[in-house]
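Welcome, and please open your viewer. We will go from stop to stop, with something to select at each one.

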Amino acid sequence: MNPELIAVLAVIAVALVFDYTNGFHDAANAIATSISTRALTPRVALAMAAVGNFVGAHFGADVAKTVGSGLVELPTGVSSLGIVFAGVIGAITWNLITWYFGLPSSSSHALIGGLVGSTLAAAGTVLWKGIGESVVLPMILSPMVGFLLGYLVMVAVQWIFRNGQPSKLNRGFRWAQTVSAAAMSIGHGMQDAAKTIGIVVLALYVGGYQGSAEHIPEWTFWTSATVLALGTYAGGWRIIRTLGRKIIDLRPPEGFAAETVASSVLYFNALVLGAPISTTHTITSAIMGVGATKRLSAVRWGVAGNIIGAWVLTFPAAGSIGALMYVLVNPLF
């Protein structure tokens, strides 16, 4: 077996490990609200999220192309595979750190940060324009949009159902959450499975096994979707508790509003812009916006501050780990 093939297989393997950690780390994105409002039981919610991620992966081609060809520029060869390998290890490491502390950070930004960090350590070319347009700008705007839309949608829900009986409304919105949680799961698959696909395609390209970083083989969709689904079904209970219970006390109407807003933002960015945004940032900010309609003090801003701190740290922290990993693994490639 030649060195290039071994290196490509190593990168694909570590990308799928990241995909699995992404699944259990970000399972909370799709189901925390449904579990906390008792709209769905935990295992039913996880199973539905896994299926939704699997389906959504097949609609994320534009996001995959952005990750595979729009963020860094690497020459073909084994040395470049070492850069990709180190970057993905950086993302996995940060995922595990934030999962341990129950912080819903962005796996997407961890992956991109790790890849940028390892590329810089190798004196490679980072496409800063692509990073700015496809990562930094959406990273700033998507939480703001999620918060604002969460607030506005929840105000609309409260006004439309202002004369309804609370017990009947809660039952109705629990059923509605089945649909909104499924939509959220598909949106998560569009975004997060696609990012792993982008890394696999980048590995195939720099390893010399395909001529373009934009061509996506069909098997990569099925493989990434399956692994992400398995990781999601494994669950990420630490983060589920943070999102579902510690930011605000969610009821079914709030859960429905937050999921509807977050899934809409994910669909727009994946299908229209092809931008790899953070599902974590989107659903968390939507939950905060929904909670703010009660009163600002209804949001536990101390918990929210810790989460936002993790958001800010994710890109540089994963980048630093990716750079360190490159120094460690470079002799092997």
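Predicted model: local features only at pLDDT ≥ 70, side-chain atom pairs only at ≥ 80, totals over all residues.

Residues are numbered from 1 along each chain as its sequence is written, and side-chain values use heavy atoms, with hydrogens and water left out.

**Stop 1: the whole chain**

Color the protein chain by secondary structure and look for twelve helices and two strands. Helices (H or I, at least four residues) and strands (E, at least two) are DSSP runs, numbered from the N terminus. Of the 333 residues, 58% count as buried. Buried means under 20% relative accessible area, exposed means over 50%, and partly exposed lies in between (1.4 Å probe, protein chains only).

**Stop 2: helix H4**

Now select residues 78-100, which make up helix H4. Its 23 residues reach 33 Å from the first C-alpha to the last, close to the 33 Å expected at 1.5 Å a residue; the expected span is 1.5 Å times one less than the number of residues. H4 is mostly covered, with 17 of its 23 residues buried. Step just past H4 to Gly102, where phi is positive, about 70°.

**Stop 3: Ser118**

Ser118 sits in helix H5 (residues 107-121). Is Ser118 buried or exposed? Its relative accessible area is 0%, so Ser118 is buried. Show its side chain, which reaches the backbone oxygen of Ile83 at 2.8 Å. Beyond its neighbours within four places in sequence, Ser118 is in contact with residues including Ala86, Gly87, Gly319 and Tyr326. Contact here means heavy atoms within 4.5 Å.

**Stop 4: helix H3**

Select residues 61-69 for helix H3, where Val63, Ala64, Thr66, Val67 and Gly68 are buried. What do the buried residues of H3 pack against? Their partners are H6, H7 and helix H10 (252-273).

**Stop 5: two salt bridges**

Side chains of opposite charge can pair when their charged atoms come close. A salt bridge is a side-chain nitrogen of Lys or Arg within 4 Å of a carboxyl oxygen of Asp or Glu, and by this rule the count comes to two.

- Select Lys195 and Asp192: their closest N and O atoms are 3.6 Å apart. Both lie in helix H7 (residues 166-206), three residues apart, about one turn of the helix. Lys195 counts as buried because its relative accessibility is 1%, and Asp192 counts as buried at 0%.
- Then select Glu254 and Arg251, whose side chains meet at 2.6 Å, N to O. Glu254 counts as buried at 0% relative accessibility, whereas Arg251 is partly exposed at 42%.

**Stop 6: Ile308**

Find Ile308 in helix H12 (residues 301-329). With a relative accessible area of 37%, Ile308 is partly exposed. Draw a distance from its C-alpha to that of Thr284, 24 residues apart along the chain, and the separation is 9.6 Å.

**Last stop: Leu149**

Finish at Leu149, in helix H6 (residues 128-160). Leu149 is partly exposed, with a relative accessible area of 34%.

Definitions and conventions. Polar contact = N/O pair within 3.5 Å; in protein donor to acceptor, adjacent residues only side chain to side chain.
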